[in-house]
Protein chains: 2
Amino acid sequence: MNTHKLHCKTMVAIGDGDYSFGPGVARLLKGIERYGSLKKAAEAMHMSYSKAWTVIKNAESIWGFSLLHRHVGGAHGGSSSLTTAGKAVVAKYEELRQVVIATAEKEFNTLFCERELDALRQLSMEEDIE
Amino acid sequence: MNTHKLHCKTMVAIGDGDYSFGPGVARLLKGIERYGSLKKAAEAMHMSYSKAWTVIKNAESIWGFSLLHRHVGGAHGGSSSLTTAGKAVVAKYEELRQVVIATAEKEFNTLFCERELDALRQLSMEEDIE
């Protein structure tokens, strides 16, 4: 018998058939907001700078507008920040994700509660005896 | 500007920390119900027989009970069918998945409707001009 607690996992992505905007891009964009730098955000995810650029470019192609402002040069070798539309996309995606997670948790806890699992185990034991 | 229609994709899985019960296992189990055979269900998914066995074994370890009846021998070299508990798990997982998909679609259509996307595009153009 399984003694680990079961849990429910969900993944939400928005796509246009070619590319997907999912948890990875959202995390990268939130990292850019936090560090003010695409390079640092990529490093925090153990992602190469060139890969991070590709992820941003593909995400921008989905939405059809810029997600990043690039500030070239300066004392620290340039910085990046999210555009207002970029921030809005991240916030909306996060809202979508939270609603989906909450619904999945609620439904999972009803459908697969301990009583239901016990009933299935009981059913299984009865069938084994037959 | 992106001319493809955006859509929302979701994935739901149930896990115990070691293994996951997600769309792949559910599809394999539904294939077994359909074909009456693990071998045929695996073939339909271009999955090797040994891989399919591992998938089933891991799924059974999550739930702690048998999902399959194995009927050895016979004219067609044996067959498989789902246990009553196995059928219930597939039905419950499918119910969970449908609720999550419906919620995600509804929320996506509100948060990312054409009007909202137009507003983001407008925002982006205004920021580009500044």
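Modeller: To compare the copies, I superpose them by least squares on C-alpha atoms of residues with pLDDT of at least 70 in both. This is a predicted model: local features need pLDDT of at least 70, side-chain atom pairs count only at pLDDT 80 or more, and totals for chains, interfaces and linings use all residues. Residues are numbered from 1 along each chain as its sequence is written, chains are lettered from A and ligands numbered from 1 in the order written, and side-chain values use heavy atoms, leaving out hydrogens and water.

Colleague: OK, what rotation superposes chain A on chain B?

Modeller: One of 180°, with 0.0 Å of shift along the axis, and the RMSD is 0.0 Å. That's how a two-fold axis relates its copies.

Colleague: And which residue of chain A comes closest to the rotation axis?

Modeller: A:Met11, whose C-alpha sits 2.5 Å from the axis. Both copies use the same surface, too: 100% of the contact residues of chain A turn up again in chain B.

Colleague: How many residues of chain A are in contact with chain B?

Modeller: 49 of them, touching 49 residues of chain B; contact here means heavy atoms within 4.5 Å.

Colleague: What's the area buried between the two chains?

Modeller: About 4,300 Å², and carbon and sulfur atoms give 64% of that. The figure is the accessible area (1.4 Å probe) lost on putting the two parts together, summed over both.

Colleague: Which residues of chain A lose the most area to chain B?

Modeller: A:Lys92, A:Phe112 and A:Glu127, which together make up 14% of what that side buries.

Colleague: Which elements of chain A give two or more residues to the side that touches chain B?

Modeller: Strand S1 (7–15), helix H3 (49–63), helix H4 (84–111) and helix H5 (114–129). H4(A) gives the most, with 15 residues. Helices (H or I, at least four residues) and strands (E, at least two) are DSSP runs, numbered from the N terminus.

Colleague: Switching to strands: in what sense do S1(A) and S1(B) pair, parallel or antiparallel?

Modeller: Antiparallel, over 9 bridges, and S1 of chain B likewise covers residues 7–15. Strands count as paired if DSSP finds at least two bridges between them.

Colleague: How many residues lie between S1(A) and S2(A) in their hairpin?

Modeller: There are 4, and in the turn A:Gly17 has a positive phi of about 100°. The two strands pair over 2 antiparallel bridges, with A:Gly15 opposite A:Ser20.

Colleague: And in chain B, which residue in the hairpin takes a positive phi?

Modeller: B:Gly17, near 95°, in a hairpin that also has 4 residues between its strands. S1(B) and S2(B) run antiparallel and are joined by 2 bridges, and B:Ile14 stands opposite B:Phe21.
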